[in-house]
Amino acid sequence: MPSIVDVCHLDKYFGRLHVLKNISFSVDATEVVCIIGRSGSGKSTLLRCINFLETPDHGSISVDGIVINASESGRSYHRRLHKIRLKTGMVFQSFNLFPHMTVLQNVIEGPITVKRTDPKEAIEIGKYNLEKVGLTDKRDEYPSRLSGGQQQRVAIARALAMQPKIMLFDEPTSSLDPELIAEVLNVMQQLVEDGMTMLIVTHEMGFARNFADRVIFINEGHFVEVGSPDQIFSEPQDQRTQIFLDALKRFNQAENK
Amino acid sequence: MNHTSGSDVKSQSELIEELRKRQQFRFQLGVYLSWLSLLIILLFAFSGLEAQFLGIQIRTIKLDFQFIRRHAPFIAGGIGLTILLSFFSIILASCLAFLGALGRLSKIPFVYALATFYISLIRGTPLLLQIIFFYLGLPQLGIRLSGMVAGILALGINYGAYMTEIFRAGIQSVGIGQREAALAIGMTQRQLMQRIVLPQAIRLVIPPIGNQFIAMLKDTALVSVTGFVWEILWRAQKQGRAYFRNLEALFIAAIFYWILTIIFSLIQGRVEAYLAKGDR
């Protein structure tokens with residue numbers, strides 16, 4: 001299978017803080033990769049480097065054949081950066097829907113404004129994707145009238161409407177109330193079954209275990225362990241992975257009591 | 001408890017709501033009555049009557065009401081021009097404030113400097129001086145402006161400098177998450193500004209612009225110093241001087257300004273209520 005995302009020797013600094021240290025990995029087409037790790041480990045930064053919401057300091061990133069080296073600038077760089085953003089769909093922890101637009105307008109904004117799709121066609125794309133996330137009946141509502149779970153599903157539809165090659169999820173359920181998490185995970189599960197390529201930063205170990213092809217544990221800017229869900233969750237090799245998973249288990253047990 | 005009929009027992013929340021409404025009604029009634037009494041006191045102060053109150057002799061300002069009646073229509077003829085001045089000036093000010101705000105948020109040193117220099121210069125000098133300067137200074141450069149155009153330029157440039165901060169706050173109120181979401185779907189900086197930031201910023205900016213417009217209605221009076229703009233104050237001063245009735249003429253002008261302000265405050269209130277009702 002060809003790889004969709006290739007990250008080579010990536011370094012990222014915030015001032016003097018070395019957030020990502022010489023990271024290399026790739027995501028193949030239709031693969032689902034979950035990145036786990038404690039907060040501050042660099043997992044969100046890595047995700048945001050892939051569509052250049054953060055600019056990497058060293059290394060290169062390639063998405064579906066479009067390559068950008070960290071040292072580049074200029075017109076050609078910006079053209080490729082734009083192409084990469086068109087090929088990646090992103091879902092944020094805090095949804096970031098456009099509050100002045102209805103649900104449908106949110107979804108068709110990208111196709112119409114960025115891709116210059118014919119409005120009629122864009123509306124069809126919008127309806128199709130809203131149906132996919134189960135929100136057809138909310139199309140004329142404003143985001144402020146939706147629950148967090150519904151907002152996140154609209155955000156997923158908005159990203160899908162751009163027909164991306166890969167979906168990036170940045171802790172998509174972390175700001176949701178527990179009873180709303182399932183509806184978002186269900187939509188994500190649907191995407192997995194549709195064969196969407198996905199890179200997911202998450203704390204939902206259940207989802208990672210059931211649907212990921214590969215799980216990456218990242219700590220202090222390094223990949224500590226990469227493997228199948230079974231390997232990572234059942235027989236973690238590295239002590240740091242074990243400590244992290246144990247802490248998470250204890251936390252979840254305490255919550256379920 | 002006060003039951004109107006035996007069967008309908010009101011719920012607690014209904015009773016609380018009723019109480020709240022009654023309190024609000026009483027408050028508003030009190031406000032209206034107080035306004036009325038203050039207005040009567042104010043009118044009395046200009047009535048020319050004398051009164052004894054607790055043994056104190058109270059004197060009031062005496063006005064020539066015949067003069068007022070005769071010359072009010074002439075002064076009222078300036079209302080249109082006052083509104084026109086304010087209208088064009090606020091449009092110019094808004095354009096400048098928008099550019100100024102972009103400059104204040106720019107990362108290009110010269111653009112940032114241009115914006116801050118403009119704001120500093122204009123806020124650092126009196127509006128009256130600026131108006132005179134535009135009228136007297138520009139002809140030396142071969143630019144001859146009518147009093148009206150000089151007034152609009154001076155007012156617009158002056159208010160633009162103050163309103164820059166309003167626009168800047170409006171633009172900055174649109175959070176980083178909105179920008180990132182727009183960039184992530186591939187928008188350019190320009191599309192991000194037009195489609196995402198400005199539509200949200202404008203909602204926040206319109207109420208303070210209304211406020212500035214109301215302030216400007218009265219600052220247009222300063223344009224009368226150029227001597228050629230027949231707005232309210234200029235007309236009042238002309239009639240006042242001609243008939244040695246300055247106080248009466250200014251009294252008329254004051255009333256017109258006040259009424260204008262009240263009307264536009266009401267309009268502003270409506271606009272604000274409409275904006276608040278939106279989808280936020």
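The legends below describe close-up views of a predicted model.

Residues are numbered from 1 along each chain as its sequence is written, and chains are lettered from A and ligands numbered from 1 in the order in which they are written.

**View 1. Overall build of chain A.** Chain A contains nine helices and 10 strands; helices (H or I, at least four residues) and strands (E, at least two) are DSSP runs, numbered from the N terminus. Its radius of gyration, 18 Å, is close to the 18 Å given by the globule rule for 257 residues, so chain A is as compact as a globular protein of that length. The radius is taken over C-alpha atoms, and the rule is 2.2 Å times the number of residues to the power 0.38. Along the principal axes, the C-alpha atoms of chain A fill a box of roughly 55 × 55 × 35 Å. Of the 257 residues in chain A, 54% are buried (under 20% relative accessible area; exposed is over 50% and partly exposed in between, with a 1.4 Å probe and protein chains only).

**View 2. Helix α1 of chain A.** This helix spans residues 43-50 and is mostly covered, with seven of its eight residues buried. The buried residues are A:K43, A:T45, A:L46, A:L47, A:R48, A:C49 and A:I50. A:F52, which follows α1(A), has a positive phi near 60 degrees.

**View 3. Packing of helices α3 and α4 of chain A.** Helix α3 (residues 103-114) and helix α4 (residues 119-132) of chain A pack at about 125 degrees, with their axes 9 Å apart. Axes are lines fitted to C-alpha atoms, for helices over the stretch in contact, and angles run from 0 to 180 degrees between N-to-C directions. The two helices are therefore oblique to each other (angles under 35 degrees count as roughly parallel, over 145 as roughly antiparallel, 65 to 115 as roughly perpendicular and the rest as oblique). The contact (heavy atoms within 4.5 Å) involves residues including A:V103, A:L104 and A:V107 of α3(A) and A:P119, A:A122 and A:I123 of α4(A).

**View 4. Surroundings of B:S86.** B:S86 lies in helix α3 (residues 79-104) of chain B. Its relative accessibility is 0%, so B:S86 counts as buried. Leaving aside residues up to four places away in sequence, B:S86 touches B:F213, B:M216, B:L217 and B:T220.

Notes. This is a predicted model: local features need pLDDT of at least 70, side-chain atom pairs count only at pLDDT 80 or more; totals for chains, interfaces and linings use all residues. Side-chain values use heavy atoms; hydrogens and water are left out.
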